[in-house]
Each structure stands twice: as C-alpha cells, then as structure tokens.
Amino acid sequence: MATIVLLEEPRSAAPVPTGWAPFALGFRPFYLLASAFAAVSVGLWAAQFAGWLGRPYLPGPMWHAHEMLFGFVLAVVVGFLFTAGGNWSGRPTPTGLPLALLAIVWLAGRILVATPYVWASAIVNAAFPIAAAGALAIPFWAARQRRNYFFVALLAAMGGADLALHLSVLGVIDLPAFLGVRIGLDIVLFVMAVMAGRVVPMFTNNGVTGAAAERRPMVERAALGALIVLALADLLRVDGMPLAAIALFAAAAHATRWAFWKPWRTLRAPLVWILHAAYAWIPVHLALRASTEMGWTTASPAMHALGAGAAGALILGMMTRTSRGHTGRRLEADRFDVLAFSAVLLAAAIRVGVPLFAPASTREAVIASATLWCTAFVLFAVRYAPTLLRPRRDGRPG
C-alpha cells in the first residue's frame, strides 16, 4: 500500500560503512536532536518544578508544555513525515543543506524560547512547522498524494497554534495562552491516531505470527471522527458535560480500536508491544479528559497520559523501529531498547498515577518520573547516535 511506511530487513551482513550522514534523510537529525532534547528539557523542568531553577518568560508550566509539544514532539513528527513521505510519494523530501537549515531553525526555536526575545521566539517557532509543511507539500503535490495532504495542513496548523500561544503571552490577542497548547495537543493526538492506525496493525501482523490484528472501517471512522469533533469543541471552547460526553465516546471508540489489534498477542515482540502499550494511553487520556470536565480530576493527569504516555512511548517505539529499518539493521529490539521502553512507560505511570491517587507525593513523583523519562531518551540517544550519524550499512541511500 502506498500509504504504509516500508521498513525493510537488511539485505546483507556487510560491514558498517564509515563516513558521516546526519542529513541523508529526515529522521536522522530530528530523531537525534529530539531524543537529546527530551532528556535535557524534562531534566530542566523537573529542576524548575522542584524550585532549583528560575523560570523563563513563559509562565508556570507553560514553558514545559510548549517545549514538549512544539519542540520534542513536533521534531519527531517532522522527521517521521519527511522519511515516510518519500516512501508514500516516491519523490524526494528535504535532505542535505535544506534539511540542515530546518534543523537549525528548530534548534534556534529551542534557544529563543528560553530568552527574553519574545518576538524572535514567536516568529522562529511558528516558522519551523510552516516551513516543514511547505517542504512536505512539494513531493505530495508532485505525486498527487491527496490522501496525505492533510498532514501538510496539520503541520501548518501547528505553526498557527504556536504563534497564537506567543501572541497571547505578548497580549496581542485576547485568548488564553493555553488554548494554543490545547489545539496543538489535539493535532498531535490526531496525527498519532492516524499513523498508528496505518502501521500498528501491519507491524503486528508482520511481526507476530497469527496475530490477526484487524481494522474495522466503522470503528476507524468513529475513532478518528471523534477526535475531529473533540478538536473542534476545543477550538470553540466548549467545556463541561458536552465536552466530557465527546471525550467518553472517543475513549470507547479508541479502546475498541485497540482491542481489534490484539495487543495481548504481541508480548514476545518488544518492537510491537511498545506501540500497543503506547496506544493504550490514548483511551486513558480521553477518559481522564472527561473526568476533568466533570470536575473529578485536575487537567494534569489527562495531559500527561497523552504527552508522557501515548506520545512518549509511541515516539520511542517508532524512533527505534525506523532508526533500525531505515539504516539497514534488523528489526529486533535489544536489551537497551527494552530497558528504554520500560523506563518511559513507568515514567508515564508514575506521572499520571501518583497525582491521581497520592497527590501529596506529586513533587517526588515528578522527580522520579523525570528521571525515568530522561533515562529512556538518553539510552536512545547514546545507543542510536552512531547509527544515525553513519551511512546505511547496506549501502542504500537514506
């Protein structure tokens, strides 16, 4: 199928080539930068939360939310789409100097958001996803990949949400600054749901004999449609019971979707079970959103079920798989990969569970969760930096 990412096994056991290839394909610079930044940024946030550091110009936890969403997650999304987009369209996506320039823009955004140069931060941070959208539109348009045009629109919308957040902080527009984060989270949730629906059943059936993972058209439409309705409700600032009802329906639809993928049959395949474990956090997030709207819980557990649980684990699993597949290595997780997967899932469980059931220990939970999260992404960065910086071991381009 043209819309599936092809991750092939290496064709030979040739020696690893020497050389430097950090900008040969989109996943290389953005996976490496994002994994290092995930560890550094969360470490700094934990220190700030504990009172050991001062605050940047974005108030309270806004800096942390902004950097996780528009920094870490967006970098991985762009790296993945640039890599997959070439397979989908059969046309080249940015490599070499254009890819390096985009990486520099992303890195400049990470620096500027921690400085007093607010207007520069707003412009550069919004420019990154918009420029990435334009770069992705070129091969999609050339190949008439209409089914994938919405990825271009979603990247541009991320730029708009980021700009709205900054303009709100600057007092230029009269909207809550967190609305930009909320819309950005809805976009990322939809992207994750679409991509998981395309690849998780395929990876499950390819990697686990007799798994029989299924995609039911009616369930697919209900699950994705509910997320679109939820995003529109957030954009219109609907809250209370109407929003809770939408979120509960979406939670049920995504739990049903996940069950049809037969996650219990994947326990001996770490590169597959991590994707299922990550996706399980999506209905948890949606149920917690409903709980928040009904006044039963605060917003933090729902946000971290999505950010630390679904996004963190799905990103780590997909980065590991694509880093192996697109560099000609075997699609088998080693003990370092499994340790990283376990650490990120435990980090999410602590960050979501302790504030829900033992709120007096939230400070300790944040520090413990951050330590596990940083461990997971340091393991990935150290383990895969040599892989991402070298040419493919099978001599093929990419």
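What volume does the second largest pocket have? About 340 Å³, and bear in mind that this is a predicted model. The lining of that pocket is made of 17 residues, with Phe178, Arg182, Asp234, Arg289 and Glu293 closest to the centre. Helices α6, α7, α9 and α10 each contribute at least two lining residues, and α9 has the largest share, with 4. Sorted by class, this lining holds 9 nonpolar, 2 polar and 6 charged residues.

Now the largest pocket. Its volume is about 600 Å³. It has 31 lining residues, and His64, Ala65, Met68, Met303 and His304 are the ones nearest its centre. Two or more residues of the lining come from each of α1, α2, α6, α10, α11 and α12. Here the classes are 25 nonpolar, 5 polar and 1 charged.

Next, the core. The largest nonpolar core contains 113 residues, and those touching the most other members include Phe30, Leu155 and Trp373. Helix α6, residues 177-207, gives the most to this core, namely 18 residues. Take Leu155: beyond its neighbours within four places in sequence, its contacts include Leu74, Val77, Pro129 and Leu136.

Last, the loops. Arg144 sits between α4 and α5, and its phi is positive, near 55°, though the residue is not glycine. Arg237 sits in the loop between α7 and α8 and also has a positive phi, near 60°.

Terms used:
Residues are numbered from 1 along each chain as its sequence is written. This is a predicted model: local features need pLDDT of at least 70, side-chain atom pairs count only at pLDDT 80 or more; totals for chains, interfaces and linings use all residues. Side-chain values use heavy atoms; hydrogens and water are left out. A nonpolar core is a set of buried Ala, Val, Leu, Ile, Met, Phe, Trp, Tyr and Cys residues joined through side-chain atoms within 4.5 Å. Buried means under 20% relative accessible area, exposed over 50%, partly exposed in between (1.4 Å probe, protein chains only). Contact means heavy atoms within 4.5 Å. On a 1 Å grid over the protein atoms alone, a cavity is a set of points where a 1.4 Å probe fits but cannot get out, and a pocket is an open set with protein on both sides within 12 Å along at least five of seven lines; lining residues have an atom within 4 Å of a point. Grid points are joined across faces, edges and corners, and a volume is the space filled by probe spheres set on the points. Ala, Val, Leu, Ile, Met, Phe, Trp, Tyr, Cys and Pro count as nonpolar, Asp, Glu, Lys and Arg as charged, and the others, Gly among them, as polar.
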